[in-house]
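Thanks for asking me to look this over. Here are my notes as numbered points, to read with the structure open beside you.

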Amino acid sequence: MSAYHVKAFGTEAPEADLKQMDIERRETTPKDVEIEILYCGVCHSDLHTARNDWGGTIYPAVPGHEIVGRVTKVGREVTKFKAGDLAAVGCMVDSCMTCESCKNDLEQYCLNGFTGTYNGKDKHSGIQTFGGYSEKVVVDEHFVLKVPDNLDLPGVAPLLCAGITTWSPLRHWKVGKGSKVAVVGLGGLGHMALKLAHALEAEVTLFSRTPGKAEDAKRLGADHVIISTEDAQMQSVKGKFDVIIDTVPYVHDVNPYVATLHHSGTLVLVGYLGDLTPMLNSAPMVIGRKAVAGSLIGGIAETQEMLDFCGEHHIVSDIEIIKMQDINKAYERMLKSDVKYRFVIDMASLKYKS
Ligand code: NAP
Ligand code: ZN
């Protein structure tokens with residue numbers, strides 16, 4: 001199928017820096033929307049993929065799945081968008097659309113596997129998908145979201161992954177007025193979880209390793225902050241929470257957090273993928289009907305619900321805008337938890353000379 005070239009930033013090996021490169025975008029099919037990317041958020045998953053932390057990265061890899069921009073062209077069958085509209089794309093650009101999950105608005109759990117915005121396989125071109133660290137993206141309109149026009153655009157970008165990944169479990173586990181919710185880790189996902197749980201009128205607690213974040217956490221929506229390395233503080237919240245959203249990206253001991261669940265409560269892992277070390281002790285789970293669960297992003301309809309909710313509640317991400325050329329430094333800072341609380345790339349910088 002015909003294609004054209006756009007500028008992008010990507011990497012050719014796990015240990016290599018990201019650098020400017022050209023990639024192909026397919027010509028718009030009748031159902032496609034072409035978007036000029038204005039801003040793209042920097043998710044920890046971008047770093048995991050660039051460095052092949054999870055295995056399976058296809059190189060060259062172009063990360064970026066928190067995309068906002070303006071529609072430049074639409075295919076003849078597109079009904080939701082026209083040129084000039086604001087538009088957003090998150091972590092998925094396609095799925096089978098026919099399986100039970102897709103029919104139930106759970107494209108993220110597509111039984112035939114959804115197509116990731118990057119490191120997936122483009123159904124049309126057959127080559128891998130490239131993410132939002134680029135000038136333009138071409139996406140089937142079903143996977144393109146509408147952006148509320150009252151929100152600050154760069155701050156909207158992180159809602160497309162950090163926002164929906166925390167919104168979906170909050171909704172699935174029915175968080176509402178009076179729910180006792182805790183969030184583990186104050187990074188990109190964590191700060192959105194605080195804002196969204198607070199807006200849902202839950203009582204919100206942050207678990208953090210980093211004492212310096214307490215004041216910010218309260219500004220972002222936490223009612224309480226617990227320093228997770230302090231035993232006495234951990235003891236003080238034993239048996240308290242209905243839902244815990246754990247955003248920590250690396251292996252860590254989950255057992256101390258299970259102890260802080262109320263009976264019948266659920267701890268939802270959204271960060272770390274892999275074997276837990278130390279292992280999970282089932283005794284507190286059996287004795288207290290507690291659950292340890294996981295959750296992956298959210299469906300397209302749920303993502304639109306979250307964006308509309310953020311429009312109504314004036315919620316955007318707290319961001320630091322960077323130039324595309326600063327992405328390698330941004331990854332190093334993200335590894336040190338030195339970002340408040342999401343980097344967002346101003347894509348106009350891609351036009352600058354590197
Ligand atoms: P991030 O901005 O780097 O934040 C992670 C936070 O976790 C840090 O700010 C830190 O908070 C805490 N932390 C980091 N390393 C830790 C360690 N070794 N032990 C304990 N705490 C640690 O990352 P993010 O973008 O929010 O992403 C978080 C994770 O979610 C990543 O693994 C990402 O790949 C994953 N993710 C999953 C989905 C999904 O669908 N499930 C979607 C997007 C991202 P404190 O300093 O406050 O302790
Ligand atoms: Zn992400």
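1. Let me begin with the lining of the largest cavity: its residues divide into seven nonpolar, three polar and no charged. Please keep in mind throughout that this is a predicted model.

2. Which residues line that largest cavity? They are G90, C91, M92, L145, L160, I164, I297, G298, I300 and T303. The space inside comes to about 70 Å³, and the count of cavities of 30 Å³ or more is one.

3. Next, the metal. The zinc ion (ligand 2) has three residues around it: C43 through SG, H65 through NE2 and C161 through SG, at 2.0 to 2.2 Å. If you like to read such sites from the sequence, the spacing of the donors is C-x21-H-x95-C. Water is not among the atoms, so the site may look incomplete.

4. H65 sits in the loop between α1 (44-50) and β4 (67-74), while C161 sits in the loop between α3 (153-156) and α4 (162-172). They are 96 residues apart, so the pair links distant parts of the chain. The cut-off for buried is under 20%.

5. Now to the aromatic rings, where the count comes to three pairs. One of them joins F207 and F241 edge-to-face, with 5.7 Å from centre to centre and 80° between the planes. This pair also links distant parts of the chain: F207 belongs to strand β10 (residues 203-208) and F241 to strand β12 (residues 241-246), 34 residues apart. F207 counts as buried because its relative accessibility is 1%. For F241 the relative accessibility is 0%, so F241 counts as buried too.

6. F207 has another ring partner. F207 and Y257 form an edge-to-face pair, at 5.0 Å centre to centre with 70° between the planes. Since F207 lies in strand β10 and Y257 in helix α8 (residues 255-258), this contact ties together parts that are 50 residues apart in sequence. F207 and Y257 are both buried.

7. K146 lies over the face of F81, and the distance to the ring centre is 4.4 Å.

8. Finally, have a look at the second largest pocket, which holds about 240 Å³ of space. It is lined by 18 residues, and the closest to its centre are E24, R25, R26, D122 and S125. Which strand gives the most to this lining? That is β8, with four residues. Both β2 (19-26) and β8 (136-140) supply at least two residues each.

9. What is the make-up of that pocket lining by class? There are eight nonpolar, five polar and five charged residues.

Terms used: Residues are numbered from 1 along each chain as its sequence is written. Chains are lettered from A and ligands numbered from 1 in the order in which they are written. This is a predicted model: local features need pLDDT of at least 70, side-chain atom pairs count only at pLDDT 80 or more; totals for chains, interfaces and linings use all residues. Side-chain values use heavy atoms; hydrogens and water are left out. On a 1 Å grid over the protein atoms alone, a cavity is a set of points where a 1.4 Å probe fits but cannot get out, and a pocket is an open set with protein on both sides within 12 Å along at least five of seven lines; lining residues have an atom within 4 Å of a point. Grid points are joined across faces, edges and corners, and a volume is the space filled by probe spheres set on the points. Ala, Val, Leu, Ile, Met, Phe, Trp, Tyr, Cys and Pro count as nonpolar, Asp, Glu, Lys and Arg as charged, and the others, Gly among them, as polar. Rings of Phe, Tyr and Trp (its six-membered ring) pair if their centres lie within 6.5 Å; planes under 30 degrees apart count as stacked, over 60 as edge-to-face and the rest as tilted. Buried means under 20% relative accessible area, exposed over 50%, partly exposed in between (1.4 Å probe, protein chains only). A charge sits over a ring if NZ of Lys or CZ of Arg is within 6 Å of the ring centre and within 35 degrees of the ring normal. Donors are N, O and S atoms within 2.8 Å of the metal (3.2 Å for Na, K and Ca); water is not among the atoms, so sites may look incomplete.
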